[in-house]
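Biologist: Please take me through this model in a series of questions and answers, with the cut-offs stated for each term.

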Amino acid sequence: MSEINQRIRVHIGDITKLAVDAIVNAANTSLLGGGGVDGAIHWAAGPELLAECRTLNGCKVGEAKLTKGYRLPARYIIHTVGPVWQGGGKGEAHLLASCYRRSLELAVAKDCRTVAFPAISTGVYRYPKDQATQIAVGTVSAFVGQNAVPETVIFCCFDQQTAELYQQALLRLAGA
Ligand code: AR6
């Protein structure tokens with residue numbers, strides 16, 4: 001297995017439970033909370049998170065902003081805003097790749113050794129899971145190949161089916 005693949009892992013479970021340096025939140029442009037993984041993160045981190053988010057003036061699609069982790073085991077939360085799927089012709093792939101890159105750049109700036117991502121845009125925002133997985137794995141592996149930090153990136157999948165998509169994409173990468 002390549003060195004890059006050893007630094008990328010797939011985990012099945014709730015991202016709010018992970019004791020990593022930073023978890024990534026699939027937020028919306030307001031950064032003031034919502035459903036899905038965003039709701040779970042705000043619920044677990046506590047009201048101090050919303051208070052910090054109110055100071056950030058929102059976030060553009062494809063960009064990312066960092067807060068403290070508060071009551072989470074993770075030290076930081078990197079909030080990124082994925083694109084809403086509109087059929088694929090509205091720059092969705094470019095914007096989704098940007099979410100992963102900008103999040104990793106913030107992780108580097110805080111010297112985060114371990115970072116966990118959810119499957120951004122694949123829930124409420126309806127991005128097709130197979131296409132989103134290719135972008136996630138392709139973008140993260142390219143970044144990891146060019147940077148020593150973060151040492152480890154975890155794709156935190158909520159279900160077995162999503163985890164299998166990630167495993168397959170990583171195997172293809174290792175075979176390439
Ligand atoms: N841990 C890991 N993954 C999770 C968790 C969790 N606790 N909860 C859900 N997922 P979504 P989006 C998975 O809808 O599509 C919010 O309202 C879930 O199975 O959370 O980017 C925001 O405020 C799915 O695969 O995010 C925005 O308005 C993935 O996380 C909007 O939803 C992403 O699903 C963002 O939509």
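Biologist: On what basis are local features and side-chain values reported?

Modeller: This is a predicted model, in which local features need pLDDT of at least 70 and side-chain atom pairs count only at pLDDT 80 or more, while totals for chains, interfaces and linings use all residues. Residues are numbered from 1 along each chain as its sequence is written, and side-chain values use heavy atoms, with hydrogens and water left out.

Biologist: At what angle do helix α4 and helix α5 pack?

Modeller: Helices (H or I, at least four residues) and strands (E, at least two) are DSSP runs, numbered from the N terminus. Axes are lines fitted to C-alpha atoms, for helices over the stretch in contact, and angles run from 0 to 180 degrees between N-to-C directions. Helix α4 covers residues 92–109 and helix α5 covers residues 129–146; their axes lie 9 Å apart, and the packing angle is about 35°.

Biologist: What is the handedness of the crossing of α4 and α5?

Modeller: A crossing is left-handed if the near helix is turned anticlockwise from the far one by less than a right angle, and right-handed if clockwise. By this convention, the crossing in which α4 passes α5 is right-handed.

Biologist: Is S103 buried or exposed?

Modeller: S103 is placed in helix α4 and touches V24, A64, I78, T80 and F117, not counting residues up to four places away in sequence. Buried means under 20% relative accessible area, exposed over 50%, and partly exposed in between (1.4 Å probe, protein chains only). Because its relative accessible area is 0%, S103 is buried.

Biologist: Which element gives the most to the lining of the largest pocket?

Modeller: On a 1 Å grid over the protein atoms alone, a pocket is an open set of points where a 1.4 Å probe fits, with protein on both sides within 12 Å along at least five of seven lines, and lining residues have an atom within 4 Å of a point. The largest pocket has a volume of about 580 Å³, a volume being the space filled by probe spheres set on the points, which are joined across faces, edges and corners. Two or more lining residues come from each of β2 (22–27), α2 (36–45) and β6 (152–157). The greatest share, four residues, comes from α2.

Biologist: Which residues of the lining are the closest to the centre of the largest pocket?

Modeller: The lining divides into 12 nonpolar, 10 polar and four charged residues. Of the 26 lining residues, the closest to the centre are A26, G36, V37, A119 and G123.

Biologist: Why does S121 count as buried?

Modeller: S121 lies in the loop between β5 (114–117) and α5. Leaving out residues up to four places away in sequence, S121 touches G82, P83, L96, R126 and Y127. S121 counts as buried because its relative accessibility is 6%.

Biologist: What is the relative accessible area of R126?

Modeller: R126 lies in the loop between β5 and α5. Its phi is positive, near 60°, in a residue other than glycine. R126 is exposed because its relative accessible area is 52%.

Biologist: In the loop between α3 and β3, what is the phi of N57?

Modeller: N57 has its place in the loop between α3 and β3, and it is exposed, with a relative accessible area of 75%. Although N57 is not a glycine, its phi is positive, at about 60°.

Biologist: Which residues does R113 contact beyond its neighbours in sequence?

Modeller: R113 is found in the loop between α4 and β5 and counts as partly exposed, at 48% relative accessibility. Leaving aside neighbours within four places in sequence, the contacts of R113 are D21, P150, E151 and T152.

Biologist: What is the omega of the peptide bond that joins V149 and P150?

Modeller: P150 lies in the loop between α5 and β6. The bond joining V149 and P150 is a cis peptide bond, with an omega of about -5°.

Definitions and conventions
Contact means heavy atoms within 4.5 Å. Ala, Val, Leu, Ile, Met, Phe, Trp, Tyr, Cys and Pro count as nonpolar, Asp, Glu, Lys and Arg as charged, and the others, Gly among them, as polar.
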